[in-house]
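My plan was to look up its overall build before single residues.

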Amino acid sequence: MKKYKIITRTVSELTTEEQVLRQLAEELCEAAQAALKIIRVGENTTPVDRDTAIMNLADELGDVHNCLKVLEEKLPGIKDKALGLYELKMKRWLDRLLER
C-alpha cells in the first residue's frame with residue numbers, strides 16, 4: 001500500500017489538475033460503456049460473454065479509482081466532501097425507489 005501512495009503522489013506531481021479531470025471524465029465514460037455492455041450480454045447483442053464484460057467493468061472502475069486517488073492529491077478535502085454526501089445520496093435513492 002505504501003508503494004501505491006508513492007506512485008499516486010508521483011503521478012499527481014507529474015500531472016495538472018486539468019489533465020487529471022480530463023482523464024477522470026474519459027475513464028467514467030469508459031466505465032459507463034462497460035456497464036452497458038453487461039446489459040447487452042443479457043440481450044445477446046454482443047459477442048462478449050458476461051464474465052469478460054464484468055472484468056472489463058472492473059478494469060474501468062480501477063482506472064476511475066486511480067484517477068480519484070490522484071484527484072485527492074490535487075483537491076485536498078474532496079474525498080471528505082464526497083464521503084459526507086454518500087449517506088444523503090443513498091437515502092435519496094431509496095426514497096425515490098419507495099415513491100414508485
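These are my entries, from the whole chain down to single residues.

**Ground rules.** I worked from a predicted model, where local features need pLDDT of at least 70, side-chain atom pairs count only at pLDDT 80 or more, and totals for chains, interfaces and linings use all residues. I numbered residues from 1 along each chain as its sequence is written, and side-chain values use heavy atoms, with hydrogens and water left out.

**Elements.** I counted four helices and zero strands in the protein chain. From the N terminus on, the order reads α-α-α-α. Helices (H or I, at least four residues) and strands (E, at least two) are DSSP runs, numbered from the N terminus.

**Overall shape.** I looked up the radius of gyration, taken over C-alpha atoms. The protein chain has 17 Å, whereas a compact globule of 100 residues would have a value near 13 Å. That globule rule is 2.2 Å times the number of residues to the power 0.38. Along the principal axes, the C-alpha atoms fill a box of roughly 45 × 35 × 25 Å.

**Burial.** I found 17% of the 100 residues buried. Buried means under 20% relative accessible area, exposed over 50%, and partly exposed in between (1.4 Å probe, protein chains only).

**Core.** Which residues make up the largest nonpolar core? I noted twelve residues in all: Val20, Leu24, Ala31, Ala34, Ile38, Val41, Ala53, Leu57, Val64, Cys67, Val70 and Leu71. Helix 2 (17–42) and helix 3 (50–74) each supply at least two residues of this core. A nonpolar core is a set of buried Ala, Val, Leu, Ile, Met, Phe, Trp, Tyr and Cys residues joined through side-chain atoms within 4.5 Å. In soluble globular proteins, nonpolar side chains tend to be buried together.

**Val64.** I checked its contacts, meaning heavy atoms within 4.5 Å. Leaving aside neighbours within four places in sequence, Val64 is in contact with Leu24, Glu27, Leu28 and Ala31.

**Helix 1.** I turned to Thr8, which lies in helix 1 (residues 2–14). Is Thr8 buried or exposed? Thr8 is buried, because its relative accessible area is 9%. Beyond neighbours within four places in sequence, Thr8 is in contact with Lys69, Val70 and Glu73. Ser12 is also found in helix 1. At 7% relative accessibility, Ser12 counts as buried. Not counting residues up to four places away in sequence, Ser12 touches Val70, Glu73 and Lys74. I also compared Ser12 with Asn44: they are 32 residues apart in sequence and 41 Å apart in space, C-alpha to C-alpha.
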